[in-house]
Amino acid sequence: MLAAVLFGCSFVAIETGLRELPPLLFASLRFDIAAVVLGGYVLATRPRSTWLPRTRGDLLGVGVAGVFLIALNNALLFVGQGSTTPAMASMMYGLNPVLAPIIAWWLLGDRLSAAGVLGIGVALTGVIVILQPSPATLTSAGTVGQGFVLGAAAAVAIGSVLLKRVQPKMGSLPLTAWAAAVGATVLHAASALVGEPPTAVVGVGLPTVASLLVVGVPSTAVAYAIRFDLIDRIGPVRTNLVAYVVPIVAAVFGWLLFGTGVSPVTIAGFAVVVAGFALIERGALRREICRIRCYGRRRHETDPAGAAESPFPCDD
């Protein structure tokens, strides 16, 4: 839940900072801060042998994470969110768990079941409901912005699949610190290439400074560390479920700070996306439900007051 709150707050903080900072410069500053915080923590708490990239897989992992999961992801996210609301952006961004199986099929040749294909179709139907495309809206700023955010979700999906393929040996926290530094460098180069003035940071207001600190420290350095720890401890499927709580947090904070709401049609579309994800990951979700039932059954059996047998079998 903490990870969902931190990631949800980032969408609101980005919305605030984009009022004064150009998007690519803002994104690069985000990871300047995160790289310093994460790198300092790793240096202070880990022996040198654990944080230096030593294998080809480590170097490729840092490159993949830095380019796809950080640079390309955040470039598209920050550009896109300049013309859409935090809630809408977080909903589109929540598609990355749905896109990952498509990318894995395309890049790795992973087999897609009939139910998985159906789930992808259902999820994409949900996207259409959210975007509500029409000849009049296809070129509108809001639709284009949501398209950029969808591209950011695709970058996360591609990076996650490639990272699984290269199999780095170093720990997730040092890998994240190195990737943040690589991503910040790429983003700074992209910012200079498109002509964003680096002097834009001079004279920014207190809300922008606060937003930069929020996205740099709790919503990046802390949230990314929590996310990777969750992947290690509970697996990617349960961790991906966090993505479906993030829009709720973003919508609440967006409403409180900016007065932006979410239409019933958008909520319905996001519910369709979640249903598609459930179809794609139905096996993993079934195992997770079984694990929860087994845990409840064991607690029930060790409870002196619970003599009755649990109605939930552990082998279903």
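This report walks through the helices of a predicted model, their packing, and a few residues in the loops and helices.

Some ground rules come with the model: local features need pLDDT of at least 70, side-chain atom pairs count only at pLDDT 80 or more, and totals for chains, interfaces and linings use all residues. Residues are numbered from 1 along each chain as its sequence is written, and side-chain values use heavy atoms, with hydrogens and water left out.

## The chain as a whole

The protein chain has 14 helices and 0 strands; these elements are DSSP runs numbered from the N terminus, with helices being H or I over at least four residues and strands being E over at least two. Along the sequence the pattern therefore reads α-α-α-α-α-α-α-α-α-α-α-α-α-α.

Of the 316 residues in the protein chain, 45% are buried. Here buried means under 20% relative accessible area, exposed means over 50%, and partly exposed covers what lies in between, with a 1.4 Å probe and protein chains only. The accessible surface comes to about 15,400 Å², and 68% of that belongs to carbon and sulfur atoms; the areas come from the Shrake-Rupley method with a 1.4 Å probe, and for residues only the protein chains shown count as cover.

Contact in this report means heavy atoms within 4.5 Å. Among contacts between residues at least 6 apart in sequence, 88% join residues at least 24 apart.

Axes are lines fitted to C-alpha atoms, for helices over the stretch in contact, and angles run from 0 to 180 degrees between N-to-C directions.

| Helix pair | Packing angle | Axis separation |
|---|---|---|
| α1 (residues 2-17) and α4 (residues 56-81) | about 65 degrees | 9 Å |
| α2 and α4 | about 135 degrees | 9 Å |
| α6 (residues 96-108) and α13 (residues 264-280) | about 45 degrees | 9 Å |

For the wording of angles, under 35 degrees counts as roughly parallel, over 145 as roughly antiparallel, 65 to 115 as roughly perpendicular and the rest as oblique. For handedness, a crossing is left-handed if the near helix is turned anticlockwise from the far one by less than a right angle, and right-handed if clockwise.

Let us take α6 and α13 to begin with. At an angle of about 45 degrees, α6 is oblique to α13, and α6 passes α13 in a left-handed crossing. Pro97, Val98 and Pro101 of α6 make the contact with Val273, Phe277 and Ile280 of α13. By class, these are 6 nonpolar residues, with no polar and no charged ones. Ala, Val, Leu, Ile, Met, Phe, Trp, Tyr, Cys and Pro count as nonpolar, Asp, Glu, Lys and Arg as charged, and the others, Gly among them, as polar.

α1 passes α4 in a right-handed crossing, where Phe11, Val12, Ile14 and Glu15 in α1 meet Leu77, Phe78 and Gln81 in α4. That contact divides into 5 nonpolar, 1 polar and 1 charged residues.

α2 and α4 are oblique to each other, and α2 also passes α4 in a right-handed crossing. Pro23, Leu24, Phe26, Ala27, Arg30 and Phe31 of α2 take part, together with Ile70, Asn74, Ala75, Phe78 and Val79 of α4. The classes here are 9 nonpolar, 1 polar and 1 charged.

## An enclosed helix

Helix α5 (residues 86-93) is largely enclosed by the rest of the structure, because 8 of its 8 residues are buried. They are Pro86, Ala87, Met88, Ala89, Ser90, Met91, Met92 and Tyr93.

## Some residues to look at

Leu18 lies in the loop between α1 and α2 (23-45) and is buried at a relative accessible area of 18%. Leaving aside neighbours within four places in sequence, Leu18 is in contact with Pro23, Phe26, Phe78, Gln81 and Gly82. Its C-alpha atom is 8.0 Å from that of Thr208, 190 residues away along the chain.

Val214, in helix α10 (residues 206-234), is partly exposed at 31% relative accessibility. Val214 and Arg30 are 184 residues apart in sequence, with 8.9 Å between their C-alpha atoms.

The loop between α8 (141-166) and α9 (172-193) holds Gln167, which is exposed at 54%. Phi of Gln167 is near 50 degrees, a positive value in a residue other than glycine. Most residues other than glycine have a negative phi.

Lys169 is found in the loop between α8 and α9 too, and is exposed at 67% relative accessibility. Beyond neighbours within four places in sequence, Lys169 is in contact with Thr55 and Asp58.
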